[in-house]
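Colleague: I'd like to learn how to read a model like this one. Could you walk me through a few features?

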Amino acid sequence: MTQTKKPKKLWRIIAVSILALLLVASATANYSLYTLNQRLTEENEDTKSVIRKLQLEIMQLKEQIKQMEQSRNPNAPRPDAVVFTFDDGPYRSYSPGNSTEHTEIILDILKKNNVRAAFFVLGCQFDEEQVGSGGTLEHYKKWVKRVVDEGHTLSIHDYNHVPYWKQSKKELEKSFEFTAGKIREFTGTLPSKYVRSPGGSISEEAQAYLKQKGFRHVYWDIEAEPLNLKTSGGFLDHSKNEIAQGKRGIILMHDRNASGYLADLIKYLNSKNIKIVSLADWDRKYGLPKTPYKSQTVRF
Ligand SMILES: [Zn+2]
């Protein structure tokens, strides 16, 4: 009899232990579920607050876009600001015993005055077989890299200074591809979306092509160096005169000339509290000046 009692007692102990273990496991599982639920609720709250923040930011952005569109109105008052643009570079003039590093001088002046400008460059200056105007490929490689590294806008003018309305689509494409390719090779980045046809005019065909490629053509508001003037003093006086008459916006200059008067022009603008802003900033706020049109002279 005692032999059968023992196992019964043992089974009871085992059964009670299993029951106790099950109870503990169930309590632990319940607790875990509870904390998980808690966490999910908290995370849900976090997600909701992120969504609320994003909605607020979208509303603010919409408001900013509305304000920008309103300020693009051509009748809206223009701000007291100008944009510096330099064409036909990079440029160095050289004769035995005498050289002027025009683009480098401009870059130094801009750096010293903490000003951002836009450079519309010629592709032939990056072509080993064509590189001209007294510089070497090494000069131009170095300077074009500085343009990018120092925060300026690097843009295509043309390969060899032919107005866009005098080029076929194939020629224009080749000019853009070569210049953009060299800019990428020398600076590690592509040129900006801004371009400028030599002479400033453009045909409707070329304009449609630029639009299709995502480029924006940049005409100007102030021509700093009219052809009848030849000296730095003449360019400076003319520019100051235009500004004194209330002209604002995009100033057209050239590397080869501006190196001689840029520092004085900045001094003048500073004395009048006229800001010098980047091309992209101006474009975002006020749009670009209207480009004059010319008819294509070759089949596009
Ligand atoms: Zn030009």
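Modeller: Let's start with burial: a residue is buried if 20 or more other C-beta atoms lie within 10 Å of its own, exposed if 12 or fewer, and partly exposed in between, with C-beta atoms placed from the backbone. Asn 273 has 7 C-beta neighbours inside 10 Å, so Asn 273 counts as exposed. Before we go on, this is a predicted model, where local features need pLDDT of at least 70, side-chain atom pairs count only at pLDDT 80 or more, and totals for chains, interfaces and linings use all residues. Residues are numbered from 1 along each chain as its sequence is written.

Colleague: Where does Asn 273 lie?

Modeller: Helices (H or I, at least four residues) and strands (E, at least two) are DSSP runs, numbered from the N terminus. Asn 273 sits in the loop between H8 and S10, and its phi is near 60 degrees, a positive value in a residue other than glycine. His 161 also has a positive phi, near 60 degrees, and lies in the loop between S5 and helix H4 (169–187). With 15 C-beta neighbours inside 10 Å, His 161 counts as partly exposed.

Colleague: Which residues of H8 are buried?

Modeller: In H8 (residues 262–271), those are Leu 262, Leu 265 and Leu 269. They share one side of H8, because they cover an arc of only 60 degrees around the axis (the arc is that of the directions from the helix axis to the C-beta atoms). Lys 267, Asn 270 and Ser 271 are exposed on the other side.

Colleague: How are S4 and S5 joined?

Modeller: Strands pair if DSSP finds at least two bridges between them. Here five bridges join S4 (residues 118–122) to S5, and the two run parallel. Phe 119 stands opposite Leu 154 in S5. From S4 the chain passes through helix H3 (residues 137–149) to S5 in a right-handed β-α-β crossover; right-handed says that, with the strands pointing away from the viewer, the path from the first strand over the helix to the second runs clockwise. As for burial, six of the six residues of S5 (residues 153–158) are buried.

Colleague: And which residues touch the most other members of the largest nonpolar core?

Modeller: A nonpolar core is a set of buried Ala, Val, Leu, Ile, Met, Phe, Trp, Tyr and Cys residues joined through C-beta atoms within 7 Å. The largest one has 49 residues, and those touching the most other members include Phe 119, Val 121 and Met 253. S4 supplies the largest share of this core, five residues.
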